[in-house]
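Please keep the sequence and the coordinates at hand.

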Amino acid sequence: MADNNGKVIKFQKRKTHIVSLIVLVVLVIALIILFTCFKIDDIEVTGNKHYTKEQIIEFVQNEGYIDNTVLLMLKNKFNPISDIPFIAKIGIDYEGPHQITVTVYEKAMAGCIEYMDRYVYFDQDGYVLEISLQKLSDAPCVNGMSFESVELHEKLPIKDKKRFKLILKLTQLINKYKLKIDSIQFTTDDELVMYHDNIRIELGDGSNVEVQLIDLDQMLDGLSGKAGTLDMRDFDAAAKTASFKAKK
């Protein structure tokens with residue numbers, strides 16, 4: 001009996017070794033496949049607006065880059081790419097053994113204010129998103145606002161709450177109607193003025209901006225290539241007309 005028990009134990013040990021060896025071989029083969037068959041050859045980029053495809057790919061390849069579709073996707077899931085100006089998040093999705101898709105989620109900017117030779121970008125609630133040397137063409141710059149200091153991710157500390165509330169309302173409408181506005185400012189008479197290319201747009205006290213901006217895009221299309229002043233202070237919503245005085 002003892003001899004038989006010894007044979008059984010030896011057989012079980014041998015069986016365990018064989019199973020362990022098979023598992024090890026499978027793991028080695030899996031690792032070889034993982035590291036040799038998933039090289040990244042194609043990177044697609046979606047959702048980018050402020051950065052080019054090449055710039056986004058450079059961001060992805062800059063920090064701890066892994067040239068492997070599966071491993072890079074997993075790395076970004078647990079340790080996502082961060083601290084890129086104007087970008088809230090970057091997602092990486094596996095599309096195939098040699099292809100990934102990089103999805104860019106940009107921060108929703110409403111406008112910017114110049115402060116100490118920097119551009120302070122804020123969202124539609126007035127919170128600071130970025131402070132940068134770079135001026136973006138699609139973020140209207142607001143002039144005539146003053147404050148003592150700014151902090152990233154904090155609300156702009158503007159004393160004139162009524163004026164700032166109007167600015168936020170105006171930038172929300174600009175985004176809603178996809179208007180290309182270069183800058184916004186207040187006149188000495190406390191009236192709102194916007195600039196689009198070579199056209200000055202006068203809005204008055206800002207009490208009627210919801211109506212004034214609805215058809216502004218079509219008006220600006222009709223004035224393309226011209227220079228002058230579009231007076232919308234007494235804008236007739238029913239007739240959808242405003243006076244334009246060409247610059248001499």
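In this predicted model, Lys180 and Asp197 form a salt bridge through their side chains, with an N to O distance of 3.7 Å. The two residues are 17 positions apart and connect distant parts of the chain: Lys180 belongs to the loop between H4 and strand E8 (183–186), and Asp197 to the loop between strand E9 (192–196) and strand E10 (199–204). Lys180 has a relative accessible area of 44% and is therefore partly exposed.

Another of them joins Lys169 to Glu210, whose closest N and O atoms are 2.4 Å apart. Here too distant parts of the chain are linked, since Lys169 sits in helix H4 (residues 161–176) and Glu210 in helix H5 (residues 209–212), 41 residues apart. Lys169 is partly exposed at 31% relative accessibility, and Glu210 is partly exposed at 32%.

A salt bridge also connects Glu202 with Arg200 at 3.1 Å, N to O. Because its relative accessibility is 15%, Glu202 counts as buried, whereas Arg200, at 24%, is partly exposed. Both residues belong to a network of salt bridges that also includes Asp231 and Arg233.

Elsewhere, Glu114 lies in strand E4 (residues 111–115) and touches Tyr119, Cys141 and Asn143. In helix H3 (residues 69–78), the buried residues include Thr69 and Val70. At the start of H3, a side-chain oxygen of Asn68 comes within 3.1 Å of the backbone nitrogen of Val70.

Methods. Residues are numbered from 1 along each chain as its sequence is written. This is a predicted model: local features need pLDDT of at least 70, side-chain atom pairs count only at pLDDT 80 or more; totals for chains, interfaces and linings use all residues. Side-chain values use heavy atoms; hydrogens and water are left out. Buried means under 20% relative accessible area, exposed over 50%, partly exposed in between (1.4 Å probe, protein chains only). Helices (H or I, at least four residues) and strands (E, at least two) are DSSP runs, numbered from the N terminus. A polar contact is a pair of N or O atoms within 3.5 Å; within protein, one must be able to donate a hydrogen and the other to accept it, and residues adjacent in sequence count only if both atoms are side-chain atoms. Contact means heavy atoms within 4.5 Å. A salt bridge is a side-chain nitrogen of Lys or Arg within 4 Å of a carboxyl oxygen of Asp or Glu. Lists of a residue's contacts leave out its neighbours within four places in sequence.
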